[in-house]
Amino acid sequence: MTYLTVENLSKSYGLKPLIEDITFGLSQGDKTALVAPNGTGKSTLLKILAGNEVPDRGGVMIQSGIRTGYLEQEPELNPGLTIREYISEGNSDVMQIVQSYEQAVEDQSREYNDLTRDAFEKASAEMDAANAWDYEQRMEQILGRLSIYNLDQQISTLSGGERKRVALAFLLLDNPDLYILDEPTNHLDVDMIEWLEAWLAKSTSTLLMVTHDRYFLDRVCNHIIEMDGGKLYHHKGNYSYYLQKKAEREVVEKTGIAKAGQLLKKELEWMRRQPKARTSKSKSRIDAFYETEEIASKSTESREIELNVSMKRIGGRVLELEQVSKSYDETIILNNFSYSFNKGEKIGIIGKNGTGKSTFLKMITGEVAPDSGTIKTGTTIQMSHYRQDGIQIDENLRVIDVIKEIAEVIELADGNKISASRFLEHFLFTPEMQYTPVHKLSGGEKRRLGLMMVLIKNPNFLILDEPTNDLDLITLQKLEEFLLEFGGCLIIVSHDRFFMDKLVDHYFIFEGGGVIRDHHGTYIEYRNKKAAEDAELKKEERITAELKKEKKTPVKKESNKLTFKERKDFQKLEKEIQNLETEQRLILEELNQGNLKAAQLQEKSERYGILNELIEEKTLIWLEMAERE
């Protein structure tokens, strides 16, 4: 079944066409990623599909009855609400069903009649259809996995990353038929990303997303749509398959361009002879010449430079931490941590949010002092620190002026020099973009410019805190090329495991409580090792528990707490018994008055007996449930 169809979709801003004549479809179960450079309209396309923007022309058709959920790159939530209020008052079909059921239970318990009974049965059927009986358990699981615990916290007090996680949790709780996700892994730590990977991979919902996380792409998606040069290319497979097919396509295109170039030389000679007789045959050849010229003028090879900037030589001492400790109240960041950095060492830092990764970087740069211990930096070390929240830039300046304020000429490691403009070109700022005011750049382009402001200072010790957020895949590859050639020391904090595995020599794993594990190898190897350790620990715990069990007198007591549905039934049952007892009491009063006719007496007596059996039956059930509750 086709869930979503896009036909000849176009969108422009001013005179600039952003999306032109895009056509594609998504079928049930497709897990699709949209891959394209920044500035090509990926986020705008997602907004149009979600109904948040209107295209200039073309159409979007969604199958009738399909529920759609949209996660924006920077969600806007009502700051006046708490997290609990946002989740309960949000526009969620499942939440509305749960609320309707709770209201039906309350109405029936207050007054039991045909109307409230029918409303309750209808609400129960809707709960069944939406599979919403375990809503509370799912809510606790999802919120916990995304480190959202204080549901009474005001949204106005949340950081941008926390708001993104709240919006993501709300969307996952609603569990729509079609997910539209814009950079869902931003602001998640690695454990959260791996959990989200597993959640979406096993989900039966259809998925369309934009993300730069290549491991995430590889493990979740089975369909890649590439936007390149105004065309769409479909790849039925994961990210690895897409890379293979893209490489094959570019080889074919390069071969075609080379052949067109050879043919162009011959045709150019003929054109220069300026034949006087313009026969239909010669006109056809002239038309063919212009077609060949267009093919030959295409360049799949951008002008490349070996961008290894010059930097100050590193002396004997780089950076030494001796018995360093740091804590905030009950949270321990470092506990007698010691380490001596080597020349050219590249270290990746990973760990859950709140384990102190950013604080560790600030201690290295001298922004935060340790509680105890010493941090010694070599006299030749020149640090540059790219922070998670980016670099503050005067947005009225043009891009080229921002870079020229730092350096008009950049010296490379081989002694050659390049202009600021050429440096910008390498990081995909075209000459047109270089003279654009900063405030007109996209979020990803601003982060890319901020990274350049750090790189251009020729540091020999580079610290990057979440540098990959909002960057497209092409920019990421350019950044990786630069950092692979970087001869200085490098520390990276990132949730992008592919990026880290490609660049770092080893990892500092922040496990919490001041514990830092030094892992030499890839992130995948660490996860496999950690999984094996956890499995062994669980095995030992199980054996220990079984041994303790054998020593004790076995007491069979199963944990059999009431489910969400049973709790609601329990509350309803108590009111039903009360209503039945009230009815029985009224009948007994009528029987005792002696004013009933023979037929009425028989009817009331039969009803009294039925009520007696119902009360006895329901009371036994209530007692059993009360014990479990």
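Predicted model: local features only at pLDDT ≥ 70, side-chain atom pairs only at ≥ 80, totals over all residues.
Two strands are said to pair if DSSP finds at least two bridges between them, and strands (E, at least two residues) and helices (H or I, at least four) are DSSP runs numbered from the N terminus. Residues are numbered from 1 along each chain as its sequence is written, and side-chain values use heavy atoms, with hydrogens and water left out.

**Overall make-up**

- The secondary structure of the protein comes to 20 helices and 20 strands.
- Of the 629 residues in the protein, 43% are buried, where buried means under 20% relative accessible area, exposed means over 50% and partly exposed lies in between (1.4 Å probe, protein chains only).
- Contact means heavy atoms within 4.5 Å, and among the contacts with a separation of 6 or more, 69% are between residues 24 or more positions apart.
- The protein exposes about 33400 Å², of which carbon and sulfur atoms supply 48%; accessible areas come from the Shrake-Rupley method with a 1.4 Å probe, and for residues only the protein chains shown count as cover.

**The six-strand sheet**

- Six strands form an open sheet with mixed pairing, in the order β14-β17-β18-β12-β19-β20.
- At its edges are β14 (383-386) and β20 (515-519), each of which pairs on one side only.
- The twist averages 15 degrees from one strand to the next, with axes taken as lines fitted to C-alpha atoms (for helices over the stretch in contact) and angles running from 0 to 180 degrees between N-to-C directions.
- Strand β12 pairs in the parallel sense with β18 (residues 489-493) over four bridges, and Lys346 stands opposite Leu490 in β18.
- Strand β12 is also joined by five bridges to β19 (residues 506-512), and these two strands run parallel.
- By contrast, β19 and β20 pair in the antiparallel sense over five bridges, and Tyr507 has His519 in β20 as its bridge partner.
- Six of the six residues of β12 (residues 346-351) are buried, so this strand is largely enclosed by the rest of the structure.
- Lys346, Gly348 and Ile350 point one way from β12, while Ile347, Ile349 and Gly351 point the other way.
- Helix α15 (residues 443-455) lies across β14 and β17 (461-465), and runs at about 170 degrees to β14.

**The three-strand sheet**

- An open sheet of three strands, paired antiparallel, has the order β11-β10-β13.
- Because β11 (331-340) and β13 (372-377) stand at the edges with a single partner strand each, one side of each is left without a neighbour in the sheet.
- Strand β10 (residues 319-328) is joined to β11 by six bridges, and the bridge partner of Lys326 in β11 is Leu334.
- Helix α11 (residues 357-364) packs on this sheet, touching β10, β11 and β13, and its direction makes about 130 degrees with that of β10.

**Helix α5**

- The buried residues of helix α5 (residues 135-145) are Tyr135, Arg138, Met139, Ile142 and Leu143.
- These residues cover an arc of only 120 degrees around the axis, which puts them on the same side of α5; the arc is that of the directions from the helix axis to the C-beta atoms.
- The buried residues of α5 pack against α2 (83-89), α3 (93-110), α6 (160-174) and α7 (190-202).
- Just after α5, Ser147 takes a positive phi of about 55 degrees.
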